[in-house]
Amino acid sequence: MTRGNQRDQDRLKAQKKLAAANKGKNTSGVSHTKRAESDAEIMRAKQAAKEAAKAGGEAAATKK
């Protein structure tokens, strides 16, 4: 095998690339499940508001 240290050099290069890619990521400490629950709660609130507005619009349309 005459590869020398090419494999090691490539490994170091890949590590540096990954470190640079992850450098700007937001790591607020919120776990994935907590974030999913929070997002789901927000979407449920939006859906309830939309349904209430739709029900209010139907009631107004039937009064005409």
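The model is predicted. Its protein chain contains two helices and zero strands, and buried residues account for 0% of its 64 residues. Across the whole structure, a search finds three salt bridges.

**Overall fold and surface**

- The secondary structure of the protein chain consists of two helices, with zero strands.
- Helix α1 covers residues 6-23, and helix α2 covers residues 32-63.
- The protein chain has an accessible surface of about 6,400 Å². Carbon and sulfur atoms contribute 55% of that surface.
- Of the 64 residues in the protein chain, 0% are buried.

**Background to the salt bridges**

- Side chains that carry opposite charges can pair when their charged atoms come close.
- The search of the whole structure gives three such salt bridges, and the following groups take them in turn.

- Asp 8 and Arg 11 join their side chains in a salt bridge, with an N to O distance of 3.2 Å.
- Both residues belong to helix α1, where Asp 8 and Arg 11 stand three residues apart, or about one turn of the helix.
- Asp 8 has a relative accessibility of 42%, so it counts as partly exposed.
- Arg 11 is likewise partly exposed, its relative accessible area being 44%.

**The salt bridge between Arg 35 and Asp 39 in helix α2**

- The side chains of Arg 35 and Asp 39 form a salt bridge with an N to O distance of 3.4 Å.
- Arg 35 and Asp 39 are separated by about one helical turn, because they lie four residues apart in helix α2.
- Asp 39 has a relative accessible area of 35% and is therefore partly exposed.
- Arg 35 counts as exposed because its relative accessibility is 52%, and the cut-off for this class is over 50%.

**The salt bridge between Glu 41 and Arg 44 in helix α2**

- Glu 41 and Arg 44 form a salt bridge in which the closest N and O atoms are 3.3 Å apart.
- These two residues are three residues apart in helix α2, so about one helical turn separates Arg 44 from Glu 41.
- Arg 44 counts as partly exposed, with 48% relative accessibility.
- Glu 41 also counts as partly exposed, at 47% relative accessibility.

Definitions and conventions: Residues numbered from 1 in each chain as written. Predicted model: local features only at pLDDT ≥ 70, side-chain atom pairs only at ≥ 80, totals over all residues. Heavy atoms only, no water. Buried < 20%, exposed > 50% of the residue type's maximum accessible area, 1.4 Å probe, protein only. Areas by Shrake-Rupley, 256 points an atom, 1.4 Å probe, with all protein chains shown as cover. Salt bridge = Lys/Arg side-chain N within 4 Å of Asp/Glu carboxyl O.
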